Amino acid sequence: FAGPIGGGQIGYDKQFGKWVLGIEGDLYATDATGARLCPFGVFFTCETKSTWMATATAKAGYAFWNRSLVYVRGGAAFGDMRITTSCNTGPFNVFGVIGCGESASKTRTGWTVGMGSEFALAKNWSVRSETNYFDMGRTDYVLPVSGVVGSVKETGFISTVGLNYRFSPTAVVAKY
């Protein structure tokens, strides 16, 4: 399960001396896909696909140097997941397997934790990089025609690099 990801964020930070506390929301579009042998039969391959993910987190950081911030974050993660079956029996389905090409989807919720750094380029501009681990738990999917139940555990890492613009003229990043 892997693929490209891109998106945006919105948030608020408040600085107390060298400490920074904040909240943040991220929304990503993705084309993350994966496939493996289905656990419910040797005739099937289960394919998974996610088209969006989002997080809502709290952030705590420390300004070690004049314009740099190192932080940790944690909170809720959300996303979609679609499971689709394809048959491994060839183009003619000679074994008469039911359930080929079925799909089911759900919106998932879970948790995320991560860490990152941010560097002030100018008064209102900064760059950042971060890595987050997410866990959406294990969920059962019921395929609509065959009634077969497939269980999917969705976990992984999201690594991003971003450019931030801070709307406040007294932006927190400028104080580091």
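What share of the contacts in the chain with a separation of 6 or more comes from residues 24 or more positions apart? The figure is 63%, where a contact means heavy atoms within 4.5 Å. Some notes for you follow.

1. **Ground rules.** This is a predicted model, in which local features need pLDDT of at least 70 and side-chain atom pairs count only at pLDDT 80 or more, while totals for chains, interfaces and linings use all residues. Residues are numbered from 1 along each chain as its sequence is written, and side-chain values use heavy atoms, with hydrogens and water left out.

2. **Overall make-up.** The chain exposes about 9,600 Å², of which carbon and sulfur atoms supply 64%. Accessible areas come from the Shrake-Rupley method with a 1.4 Å probe, and for residues only the protein chains shown count as cover.

3. The seven strands form an open sheet in the order 1-2-3-4-5-6-7, with antiparallel pairing. Its edges are strand 1 (5-16) and strand 7 (149-165), each of which pairs on one side only. On average, neighbouring strands of this sheet are turned by 15 degrees against each other, direction ignored. For the terms, two strands pair if DSSP finds at least two bridges between them; axes are lines fitted to C-alpha atoms (for helices over the stretch in contact), with angles from 0 to 180 degrees between N-to-C directions.

4. **Strands 3, 4 and 5.** Strand 3 and strand 4 make a hairpin with two residues between them, and 17 bridges join this antiparallel pair. Strand 4 (residues 68-87) also pairs with strand 5 (residues 103-120), again in the antiparallel sense, over 17 bridges. Y71 is a handy residue to look at: Y71 is the bridge partner of G61, and in strand 5 the partner of Y71 is G116. Further along, A76 stands opposite W111 in strand 5.

5. **T45.** This residue lies in strand 3 (residues 44-65). Is T45 buried or exposed? T45 counts as buried because its relative accessible area is 18%. Leaving aside residues up to four places away in sequence, T45 touches A35, R36, C38, T84, T85, S86 and N88.

6. **Salt bridges.** There are 13 of them, taking a salt bridge as a side-chain nitrogen of Lys or Arg within 4 Å of a carboxyl oxygen of Asp or Glu. One of them joins E130 and R73, with the closest N and O atoms 2.3 Å apart. This pair links distant parts of the chain, with E130 in strand 6 and R73 in strand 4, 57 residues apart. Both E130 and R73 are buried. The two also belong to a network of salt bridges that links D13, E24, D26, K59, R73, E118, R128, E130 and R166.

7. E154 and R108 meet in a salt bridge at 3.4 Å, N to O. E154 lies in strand 7 and R108 in strand 5, so the pair ties together parts 46 residues apart in sequence; both residues are buried. The side chains of K153 and D135 also form a salt bridge (3.6 Å, N to O), linking strand 7 to strand 6 across 18 residues. Here K153 counts as partly exposed because its relative accessibility is 43%, whereas D135, at 12%, is buried.

8. **A nonpolar patch.** F119, L121, W125, V127, L163, Y165 and F167 make a nonpolar patch of about 730 Å². Patches are made of residues with over 30% relative accessible area and no salt bridge, joining like charges within 9 Å and nonpolar side chains (Val, Leu, Ile, Met, Phe, Trp, Tyr) within 5 Å. Strand 6 (125-142) and strand 7 each supply at least two of the patch residues. F119 is found in strand 5, and F119 counts as partly exposed because its relative accessible area is 36%.

Terms used
Helices (H or I, at least four residues) and strands (E, at least two) are DSSP runs, numbered from the N terminus. Buried means under 20% relative accessible area, exposed over 50%, partly exposed in between (1.4 Å probe, protein chains only).
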